[in-house]
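Work through the exercises below with the sequence and the structure open beside you. Try each task before reading its solution.

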Amino acid sequence: MFRRLISSGIITLMVMPAFAQTVRVAVAANAQYVVKKLATDFKKKTGLTVEVISGSSGKLSAQIQNGAPYDLFLSADMDFAQSVYGNGFALTKPKTYAYGSLIVCSSTGADVKNWKKYIATSTSGKIAIGNPKLAPYGKAAEESLNHFALYKAIASRLVFAESISQVNTYVLKGVVNIGFTTESLFYELDASQKFVWEKVDPSSYEPIAQGAVLLKHAKNKNYSNNKKFYDYLFSADAKAIFRKFGYKTA
Amino acid sequence: MEWTPIWLSLKLAAITTFILLIIGIPIAYWLSRRSSWVKVIFEAILTMPLVLPPSVLGFYLLLTFSPNSPIGKWLLDYFNLSLVFSFEGLVVASVVYSFPFMISPVKSALAHLPASLAEASYTMGKSKLETFYRVLLPNIKSSLLTATVLTFAHTLGEFGVVLMIGGKLEGVTKVASIAIYDAVDNNQYGQAHQYSLVLFAITFAIVILVFVFNRNSSGGPLE
């Protein structure tokens, strides 16, 4: 038994596959869908593969500062991108690649058109927002709730998701009645999904300027490919895709 | 369905089990001999991953192996080895994490062997090493199999530690359990179902195997 185990172990060690060099992009959860679309378009244009790793901006920035081998970081705000840059992990200063839009939504038929009144009066179900410390959209939701003086009243019904994708999961599976998330979610759903949404008044929260940085790790291998994707992010083609998925661009 | 995460999980489990067989069995043997308080503490430390939340282990492995820490920096500078966000890192973490699953069945089986078995072998002039490999180990075959299989299965099911120090890199650290989490996060429930089903099938087959193999011994699957 031992000899067999040992030989199979050695074989396993020997056939470790070598992975092709790709551009590794750490993307804030809200933008993972649109960035995958960008990656498809970028591949069509250049033949280069982009690997998307998604998570909350806070988590990704912590990973980068602990040595994660990502080439680009697309944050959901400027602050996390700035902290990565400020601590010496980026080659470029944070630059805004898109402006996000916050929506309030439900798949359980909540009255989101009049959401302020609805959440103040209806006590049914939970309300999901992203963790304000990690997810900039969560922070925006918190600001907006404070702006309309609703936060205190609903605080006990709030559920804090780890990232904006988790808010989306909670909403789409109906485990919460209402969620605050990114407008781009709407554009990735198919028509069969029961889903109602409404934009949150943009004057009630700080604009969600999403910053990108080219990371130091990009210099290690295939710098020109990584730089190419960074430049592509700000191209007219990329901007058109961002706009198609509910973002604003400068 | 992308098979890479499944393959990666199996590879991680195989390598971890292989390493633990090599280092775990001698340690289990040492622990099974007369006990002293040093051994008690040592064994307690090795057993900690069984009860400690994986996040604790992941957190400290992350701090230890981060390039910002002296150890992480040293490994990187001298061996060009990074144990965070790399497959090697997952192997190290899994070895620590699955240690008790290898040690405890083997140790308990060795401790239960009658002392006369080894003594008889010594009187016939066999060395300690030879006695160990040709007399003791063959006598605890079923425990060895249990330990091997459980280590393998436990590594397949690993999630928390990998999440902390892995970072979801395609083909590098995105093992099956993480791929499920990621698929759920990205609204791809179909994919999450598929991975879950495959993992379920593999682990179920493994557990059945252990039960069938050990059906004649009275002990539970963990002994």
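**Exercise 1: The sheet of chain A**

Task: State how β5(A) and β8(A) pair, and over how many bridges. Then place the other strands of the sheet around them.

Solution. Step 1: β5(A) and β8(A) are antiparallel and share 4 bridges. Strands are DSSP runs of E with at least two residues, helices are runs of H or I with at least four residues, and both are numbered from the N terminus. Two strands pair if DSSP finds at least two bridges between them. Within this pair, Leu102(A) is opposite Thr182(A) of β8(A).

Before going on, note what kind of model this is and how it is labelled. The model is predicted: local features need pLDDT of at least 70, side-chain atom pairs count only at pLDDT 80 or more, and totals for chains, interfaces and linings use all residues. Residues are numbered from 1 along each chain as its sequence is written, while chains are lettered from A and ligands numbered from 1 in the order in which they are written.

Step 1: β6(A) is joined to β8(A) by 2 bridges, and these strands run parallel. Here Ile127(A) faces Ile178(A) in β8(A).

Step 2: β6(A), residues 127-130, also runs parallel to β7(A), with 4 bridges between them. Ile129(A) has Phe160(A) of β7(A) as its bridge partner.

Step 3: Put together, the order is β7-β6-β8-β5-β9 in chain A, an open sheet of 5 strands with mixed pairing. At its edges are β7 (158-161) and β9 (196-199) of chain A, each of which pairs on one side only. From one strand to the next, the twist averages 30°; axes are lines fitted to C-alpha atoms, for helices over the stretch in contact, and angles run from 0 to 180 degrees between N-to-C directions.

**Exercise 2: What surrounds the sheet**

Task: Find which strands helix α6 of chain A lies across, and which strands helix α8 of chain A lies across. Is β8(A) enclosed or open?

Solution. Step 1: Helix α6 (136-147) of chain A lies across β5 (102-106), β6 and β8 (178-182) of chain A, at about 125° to β6(A).

Step 1: Helix α8 (164-172) of chain A lies across β5, β6, β7 and β8 of chain A, and its angle to β8(A) is about 140°.

Step 2: β8(A) is largely enclosed by the rest of the structure, because 5 of its 5 residues are buried. A residue is buried if 20 or more other C-beta atoms, placed from the backbone, lie within 10 Å of its own, exposed if 12 or fewer, and partly exposed in between.

**Exercise 3: Loop residues**

Solution. Step 1: Asn80(B) is in the loop between α4 (70-79) and α5 (87-112) of chain B. Its phi is positive, about 50°, although Asn80(B) is not a glycine.

Step 1: Lys168(B) is in the loop between α9 (160-165) and α10 of chain B. Lys168(B) is not a glycine either, yet its phi is positive, about 55°.

**Exercise 4: Confidence**

Task: What is the mean pLDDT of chain A?

Solution. Step 1: The mean is 91, and 92% of the residues of chain A reach 70 or more; pLDDT is the predictor's confidence in each residue, from 0 to 100.

Step 1: Residues 13-19 of chain A have pLDDT below 50, and this stretch has 3 contacts in the model beyond near neighbours in sequence. Where pLDDT is low, the predicted coordinates should not be read in detail.

Conventions: Two residues are in contact if their C-beta atoms, placed from the backbone, lie within 7 Å.
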